[in-house]
Amino acid sequence: MKHLLLCILFVSSLTTFGQSKKDIGGKILDSSGNPLPGATIVEKGNPNNGVLSDFYGEFIISVNEDAKELIVSYLGFETQTVQITGNNLNITLKPEVNELDSVTIKGFSSVASKARVRAQEIQSLPETTVAINAQTIESNGIDNIQSFTSQISNVTFTEAQQPGVNFLTVRGISQIRNAESPVAVVIDGMTLPDASAMNMSLYDIELLEFVKGPQGTLYGKNAIAGAINIITKDPTNKNKTKVMLSSGNGGLFGAGLSSSGAITKDKFYYSVTGRYTTFDGLINNTFLNQKVDFSKEFNVRAKLKYRFNPRWSAVFVQDNFKIDAGGNYYVTKTDIFDPTIPVLADDDYSNEPFGDVLGDSELSNSLSSFKVEGSLNKVKIQSVTSFNATRRYYIGENDYSQYAFSKVSQQSDSDTFSQEIRLISNTAEDSKLNYTFGSLFQNSKRYLNTSTFLNRTYYEGGFVDASAENANYSTDPLVGNDDDNTIQTLAAFGFLDYKLLPKLTLSAGVRVDYDKLKNESRISNTSLENDITVWQPKFSLAYEISETILAYTNYGRGYRSGGFNSEETVKFGKTYEPEFTNNYEIGLKTSFLNNRIIFNNSFYFIDFENQQQYTFIPVTPSVLGIYNFEESKISGFESEIKFKATNNIDFFASLGLNDGEIKKGTYNRLTNAAAFDYETHEEVDVSGNTSPFTIKSTLQIGANANFELKENSTLGFHVNVDNRGTQYWDPLEEYKQEPYTLVNARVNLKLNKFGLTIWSNNIFDTKFNTEFFPTAEFGFSNLRFPNTPTTVGIDLSYTF
């Protein structure tokens, strides 16, 4: 680290030594503190020396040593002459008076995208991308990835079993239990290495974006279906503190505090945010008469930013969260011993959990990152060093009934170190050539243990007494999975945008990953190793038909890593194969009426190799594993429209149609499991069936309304309707989730420094399954995991 800082100072000195100019950096903001991209900054007295602010309002301009003032202008704002009082300026522009009085309906403002690392306007990007800024995040009540994805076509996010067991599905490519995510989640340029961490709460966010299609060229393995970019707010130069309180049904209570300011003005900044939330729960265990979905969550993020000079800066972030919650409260048929009661149907929501064990779970994540960024005349340099530690554990019901047979626990830990270096072109967006090059080293250590604790009263007492009141659970578990896995990755990548013609741009990139995997089984005391080298190319062609119409086509190769199962069974082998996709997409991005209407459409086709699926063998203890379908295909269509009806009201809608089919695959179905025979099976050809977790369609519609009551006081309304189509739970197409609709709404009132929000999620208390286990094959009844009922609440805030 010492040598890195010395290199920064050395390179920085070379860029200024011997020059008769000085660098002035800064940020252009509006009166609400929002960045103004595209503002013009000109050296006074030298009109030929000017620059534009980037999509985050930031700029760097080299001026004569004796320059005293800058002239800053932006459409709709008063032109301002600014004194050069230092080498870093924070400039706030005031709206023009005539603009305030205008009745002209303004279009949607531009939102930046960082899908290709460097910032560019979202409508010029040849990718299917949804991006929202800080103002929209707050007004729409987006506080986690699940609430963000509820407004995006062909994307769903659900949680089952416990916090950290997520099912994020994008265009039919889904999260696999105990395996890798289908998308890269990137926070301030650092990719989260553990899918469990996606349960984090989102707060103090500047930009959220979801880019679909394989993004491995820039983000590496496991971005097979897309990437989520999360840009947190930078520390501010001006001291600012915000206090927050929340309350709601189910005993919801929350409190938070955020503070930001300058330790040394224009040089050294800080921000710190902490939140605590407790929830008693809404889902009742009818046997124990206790709530099962209780939770306590604590979040804290501290951020330090130091500017060496206008061109070089360093940021350190420490981001932690911890969740203590209920878990494993699956529902089965009312009496597992009564043969007259049929197995649980996939549309039977009549019962709540009734197991004899109250589940308990923990999820914690600690992310430390250090980012150094330098801006030279033609290139930006970024270095991101990070360490992430995730811990996930639960213990709870194993038979999900009122009888006491056994408890089950699972522990999943990961520790990951990453170092990434990037070189990014530092030129205007409309320049002929833009590029990104980089390299990555990552070392990830992971541990998975699944254990079963038997009721000794039943198993050692002649298999007679399975009553909960006489239960005596063993403290010496039977272990089903107990594995250490290590993954080391070396990668190099490059991506170019080249203007073949003024309106025609070719983009091309490639990434090569070398993964070395090692599995050590503590049960069998054996060790396995393998390695793989993967190339992930990507190409796109974009044609600007007019200033408001962009046609594009792209191709990308996707990759999700394979791995090791604990042991070989009739359902899965000791290893499972990595996934590969070939993705093809064509799209059209358009805007009309001075950006009042934005209408984007895309078609895609995905050729899928080795699609991964989760299953298990229900021996005591259970053995969990992953297997592959040899070939699958997915095709679909997506459409998004936004309409600004007035300056106060806008509407949005998005439609997704998706068809996923197993082209070549088999499923090994147990045929005598009711007799505890876990070897006898039949091989079922599932070719032509729908891929599990592929949702046939999504439809989102909604509206936003914002009214100015007086200066610094506003009243806002938001409503979002999220409809999800049919989804199959198993490759045999025996069980499915029928279509359902969720409705969320909120009212926001801001009175100067005081804020009040009244909100409700799942207003009509729609019931559905977040997960359904077809376990009748194993001689059991099926299992379902219930969704969260209607929640309502109120949020208060005060800023000073």
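Me: What makes strand S42 and strand S45 a pair, and in which sense do they run?
Reply: In this predicted model, S42 (residues 713-724) and S45 (residues 740-751) share 12 bridges in the antiparallel sense. Two strands count as paired if DSSP finds at least two bridges between them, so S42 and S45 are a pair. Arg 724 stands opposite Tyr 740 in S45.

Me: How do you know that S45 also pairs with strand S46?
Reply: The same cut-off of at least two bridges applies. S45 and S46 (residues 754-761) are joined by 7 bridges and run antiparallel, so they count as paired. Ala 745, for instance, stands opposite Ser 760 in S46. The hairpin of S45 and S46 has 2 residues between the strands, and Asn 752 takes a positive phi near 60° there.

Me: What makes S3 and strand S6 edge strands?
Reply: They belong to an open sheet of 4 strands, in the order S3-S2-S5-S6, with antiparallel pairing. S3 (50-52) and S6 (80-83) each have a single partner strand, so one side of each is left without a neighbour in the sheet. From one strand to the next, the twist averages 25°.

Me: How do you know that strand S2 pairs with strand S5?
Reply: S2 (residues 40-43) and S5 (residues 69-73) run antiparallel and are joined by 4 bridges. With at least two bridges required, S2 and S5 therefore count as a pair.

Me: Why is Tyr 400 called buried?
Reply: Its relative accessible area is 9%. Buried means under 20%, so Tyr 400 is buried. Tyr 400 is in the loop between strand S26 (379-397) and S27.

Me: What makes the phi of Tyr 400 worth noting?
Reply: Most residues other than glycine have a negative phi. Tyr 400 is not a glycine, yet has a positive phi of about 60°.

Me: How do you know whether Asn 762 is buried or exposed?
Reply: Asn 762 has 7% relative accessibility; the limit for buried is under 20%, so Asn 762 counts as buried. This residue, Asn 762, lies in the loop between S46 and strand S47 (769-773). Asn 762 also has a positive phi, of about 50°, although it is not a glycine.

Me: Why is the pair of Phe 405 and Tyr 458 called edge-to-face?
Reply: A search of the whole structure finds 30 aromatic pairs. In this one the ring centres are 5.0 Å apart, and a pair needs centres within 6.5 Å, so Phe 405 and Tyr 458 qualify. Their planes stand at 80°, which is over 60, so the pair is edge-to-face.

Me: Which parts does the pair of Phe 405 and Tyr 458 tie together?
Reply: Phe 405 lies in the loop between S26 and S27, and Tyr 458 lies in helix H6, so the pair ties together parts that are 53 residues apart in sequence. Both Phe 405 and Tyr 458 are buried.

Me: Why is the pair of Tyr 435 and Phe 437 called tilted?
Reply: The ring centres of Tyr 435 and Phe 437 are 5.6 Å apart, with planes at 35°. Under 30 degrees would count as stacked and over 60 as edge-to-face, so this pair is tilted. Phe 437 has a relative accessible area of 38%, between the limits of 20% and 50%, so it is partly exposed.

Me: Which residues do ring pairs link into a cluster?
Reply: The cluster consists of Tyr 329, Tyr 330, Tyr 400, Tyr 614, Phe 616, Phe 773, Phe 778 and Phe 785.

Me: What lines the largest cavity?
Reply: A search of the whole structure finds 8 cavities of 30 Å³ or more, and the largest holds about 630 Å³ of space. The largest cavity is lined by 38 residues, among them Asn 178, Ala 179, Arg 446, Leu 448 and Tyr 576, which lie nearest its centre. S29 supplies the largest share of this lining, 4 residues. By class, the lining has 15 nonpolar, 16 polar and 7 charged residues.

Me: What lines the second largest pocket?
Reply: The second largest pocket, with about 1,100 Å³ of space, is lined by 42 residues, and those nearest its centre are Asn 398, Asp 399, Ser 406, Pro 618 and Phe 780. Its lining divides into 25 nonpolar, 14 polar and 3 charged residues.

Methods
Residues numbered from 1 in each chain as written. Predicted model: local features only at pLDDT ≥ 70, side-chain atom pairs only at ≥ 80, totals over all residues. Heavy atoms only, no water. Axes fitted to C-alpha atoms, helices over the stretch in contact; angles between N-to-C directions. 1 Å grid on protein atoms, 1.4 Å probe; cavity = no way out; pocket = protein on both sides within 12 Å on 5 of 7 lines; lining within 4 Å. Points joined across faces, edges and corners; volume = space filled by probe spheres on them. Nonpolar A, V, L, I, M, F, W, Y, C, P; charged D, E, K, R; others polar. Buried < 20%, exposed > 50% of the residue type's maximum accessible area, 1.4 Å probe, protein only. Phe/Tyr/Trp six-rings, centres within 6.5 Å; stacked < 30°, edge-to-face > 60°.
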